[in-house]
Amino acid sequence: MNGFPLPPVPVPGPVPQPAPAWILWGLLVFTFMLHLLAMNFVVGGSVIGAVTARLGRRGGRPHHAALVHWLTQAMPIALAATITFGVAPLLFLQVLYGRLFFTSSVLLGWFWFAVVPLVMVAYYGTYLLAFKSASLGRWGGWIRWLTILIFVTISFIFANNMSLMLRPDLFRAIYASGSTSHANLSDPTLWPRYLHFTLAAVAIGGMWVSGYGLVCRRRRPEFGQWAMRYGAHWFSGVTALNLFMGFWFLFSLPRETMARFMGPVPVATAVLGLGIFAGMATMTVMFLAAHAPRPAPLVSGGIGGLLVTVVCMVLVRDQVRRGALATMNFEPVPWVEPQWTNISLFLVLFVAGAAAVVWMVRALVMAGRPETGDGPV
Amino acid sequence: MNYPIWQVPAPGLLIALVSILHVFISHFAVGGGLFLVLTERRARQQNDALLLDYVRRLSRFFLLLTLVFGAVTGVGIWFTIGLVHPQATSSLINTFVWGWAIEWTMFFTEIAAAMVYYYGWDRLPARTHLAVGWIYFIAAWGSLAVINGIMAYMMTPGGWLTERSFWSGFLNETYLPSLIMRTFVCVGLAGIYALLTASWSGDPRLKAKVACYAGLGWVLPMAVVVPLTLIWYLMAATGAGIPAAEILGADGTGLPAMLKALFTADGTTGYPAAQRAALTSIAAAGAVILMTLFLVTLRRQNYGPIFTGLLTGLSLVAVGGGEWMRADLRKPYVIGGFMFVNGVRLPPPPGAIRAPADVQVADPYALDVLRRDGLLAHARWSQVQSAAEAAAHQEPAARAEALFRTGHELFNLACTKCHTTDGYLGIRPLVAGKSTTDLQTILSNLARPVNREGQETSWDDPDLRLATWRGRRMPPFPGNQEERYALAVYLSRLGGDDRAGFEGPEAQGASPAGLDSGRELAAETCLLGHDPEGDWPMAAMVKGRDTATP
């Protein structure tokens, strides 16, 4: 018994990486952004929906009820999108960083496995609310909060895995504990990372509400104006708080990783700087929208600002990962044999699938709303 | 070895549980899509409001079952195999990431189409609604066609073993029979789900209509086509080197021999787990067909959820048994001819595509390397690095203890993907009363490389077959001689021999030649599988023989 002579990061197998790293990275970042936007609707929209439902219980607040109805009807679709858009980045992550990701997943063990039943329960919860909300009575509120609890738990498990995979120095000690499930609670980046992302989800949930108000302002002008301002309140208020979380996250990073953002790596410094600027500008615009008599132009600008912020922050997250990988001298798979035919086939089918989805959704939206009022769009 | 081990008991059962549930739902997700769109078209053409209303209600059930349970258990398989078998998952991902990416494009199209189809009932023109239904079905079937290639590859990797190319692995020997078989399973399951949903209706006219339509048009085609494709599938697998006849305990490679073996197997030949799974699947499928015929002919207006629930449950058993048998046919590989269930890889055959010289990396988890260097030398997550160290202790009690601990570690590394100590495939009853010498002999003979003619060959033979110990479909022991002894000590102690490990150095290294060292040893060794509680009880084999007959 004499310790571990081999390094903790597994070695690549005798199978080549089937694409250049830049393609896999590009798809990882792009599909993760899609996942993030849908996931933020789910987490943020659920929180806003539950709070709004509570506020709406006081009489004379029809807009609250209308917003809750829309969020409730749209939630199963948003969750389907979250899962679907979540599959792709997980796939590309496994090719690029599977040796770290599989290891951290095994160490999390049952916690990681628990994501599957948790998603299923929450998914059925959202359908129950969407299909039976009228007959659920007070149970509806409990189910709302239960699904939120599950969503934030799932987020926490993901934050654990994504942070643990960057800490191979902890792998051995965790494995030696002999447990079949372990959380990465001792990592100083875990809590700020998790809170920063969760608050961002709530803020972006607010932006979805404002966006919805923007879309239906002509058809339902009074509700549209209200929803734009209401969402803007959520966005600007939560983002103000989240600024502190972001800086906490930044300063909790290991010194070498944090240093990347202070000049030595221009891309890292640029995306962080632009991200903070765009985030603060968007927050200001949305704060103004929350109090403006005609918020529509401001909300439009806010949505644009938010998209810039999200792109920057996803790249910042990537730079954090790159910093950690550099610190541990992580070597990419040396044998690369691109499957160009399959890559081309994928791109063609992606475009075809996206076109089919656009055609179907457009047909549904153009067909108008049924008399029952059910359905999200 | 390369990855940490998730030390849950019988992890393979967890994969089986999640996979079988997913397969059951996902096949319905494909067949159900076709059922919905064809039934909707039929209802509209015949102006049948009753049938149209039924399809509409079925689509909600479909949405709730396939989008939630089906999709999430699909992701669940991925989570589970990543936890239980990261080596194999990593290998599959690197080989087939573009297959999965292509499947993902179909997945998101399918999900969107299912939603638009459901929400579009009152909104879309009939023609558009039907078009959305067709988009759903095409995407769902495309998804099946892709995943089927990866699953078939895991059993029969085709030319991939030497060419390492996506398409040579994907379009392998069992791809087509498997795809057609699965397609008809999808069709049959759609009919069964249709009967299940119709059984809740209080309208006998609707029940009769669905019983005839779904029973005759959907379930029975499955009953006719699936056995035919099963024959094709088994023949294709046999042609690709899978010893299907041997596993099923048949005395010939033809289908009649295999079928006969299934119904007459007494556990003395073949692989009992696979035989049980196959027989269970066939029996359940037969019951489904008979119950469907009974329903269509005698009870078409009067059947309830209990009857159709039983029908659905039996379908699950049939599908589960089939999947179980498929997994058993693949054993002891997780990826045929490439990786054993315990993550050990075979050395590549001569002429196989390898990494260019500038990035050439020796595979430390290849069988030849592990046998040369020792398993523990490459066990990244083990604190025990050498069995020789344990055997070198001078004091007998300390040596025995060190050997036991080392053997335990080796058991974790090489055996726990399938075996538990006392639970599922528990090892303790199998090694009860065995000495370290017996166990070393057995470990040396778990699997041997033979060619198509059954003659001894090398592990990198491109036409490799496996001769496994008593047909148990076990991988070869992947360590060196000292490790084999340490594992034998651990197993012997588990089996009740408290003196195991106290022997002198001569106890280490019992060679396979020990098999021939005498009737006593051979008889004792055979008891591994022939205990009264074992897979092949000796009593059944010797029944009616006199004491003079060995």
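**Domain and chain interfaces in the predicted model**

In this predicted model, 42 residues of domain 1 of chain A are in contact with 35 residues of domain 2 of chain A. The size of an interface is often expressed as the accessible area that is lost when the parts come together. Between domain 1 and domain 2 of chain A, the buried area is about 3600 Å², with carbon and sulfur atoms giving 78% of it. On the domain 1 side, A:I48, A:H63 and A:L166 lose the most area to domain 2 of chain A, and together they account for 17% of what that side buries.

The count of salt bridges between domain 1 and domain 2 of chain A is 0, whereas 6 residue pairs in polar contact, both at pLDDT 80 or more, are found across this interface. The elements that give two or more residues to the side of domain 1 of chain A that touches domain 2 of chain A are α1, α2 and α4 (138-164) of chain A, and the largest share of that side, 17 residues, comes from α1(A). By class, the side of domain 1 of chain A that touches domain 2 of chain A is made up of 28 nonpolar, 11 polar and 3 charged residues.

Chain B is likewise divided into a domain 1, covering residues 11-335, and a domain 2, covering residues 362-542. The centres of these two domains of chain B, again taken over C-alpha atoms, are separated by 39 Å. Here 20 residues of domain 1 of chain B are in contact with 15 residues of domain 2 of chain B, and the area buried between the two is about 1600 Å², of which carbon and sulfur atoms give 59%. The count between domain 1 and domain 2 of chain B is 1 salt bridge. In a salt bridge at 3.9 Å, N to O, the side chain of B:R473 meets that of B:E246. Across the interface of domain 1 and domain 2 of chain B, 2 residue pairs in polar contact are found, both at pLDDT 80 or more. At least two residues each of the side of domain 1 of chain B that touches domain 2 of chain B are supplied by α1 (11-45), α9 (244-248) and α11 (272-298) of chain B.

The contact between the two chains takes 87 residues from chain A and 84 residues from chain B. About 7600 Å² is buried between chain A and chain B, and carbon and sulfur atoms give 76% of this area. The count of salt bridges between the chains is 0, while that of residue pairs in polar contact, both at pLDDT 80 or more, is 14. On the side of chain A that touches chain B, at least two residues each are supplied by α1 (21-56), α2 (62-108), α3 (110-136), α5 (168-176) and α11 (340-367) of chain A, and α2(A) gives the most, with 21 residues. The residues of this side of chain A divide into 66 nonpolar, 18 polar and 3 charged.

Within chain B, B:H85 is placed in the loop between α2 (49-84) and α3 (86-119). B:H85 counts as buried because its relative accessibility is 8%, which is under the cut-off of 20%. Residues up to four places away in sequence not being counted, B:H85 touches B:V334, B:M339, B:F340, B:V341, B:N342, B:G343 and B:K417.

Note on methods. Residues are numbered from 1 along each chain as its sequence is written. Chains are lettered from A and ligands numbered from 1 in the order in which they are written. This is a predicted model: local features need pLDDT of at least 70, side-chain atom pairs count only at pLDDT 80 or more; totals for chains, interfaces and linings use all residues. Side-chain values use heavy atoms; hydrogens and water are left out. Helices (H or I, at least four residues) and strands (E, at least two) are DSSP runs, numbered from the N terminus. Buried means under 20% relative accessible area, exposed over 50%, partly exposed in between (1.4 Å probe, protein chains only). Contact means heavy atoms within 4.5 Å. Buried area is the accessible area (1.4 Å probe) that two parts lose on being put together, summed over both. A salt bridge is a side-chain nitrogen of Lys or Arg within 4 Å of a carboxyl oxygen of Asp or Glu. A polar contact is a pair of N or O atoms within 3.5 Å; within protein, one must be able to donate a hydrogen and the other to accept it, and residues adjacent in sequence count only if both atoms are side-chain atoms. Ala, Val, Leu, Ile, Met, Phe, Trp, Tyr, Cys and Pro count as nonpolar, Asp, Glu, Lys and Arg as charged, and the others, Gly among them, as polar. Domain bounds come from an automatic or database domain assignment.
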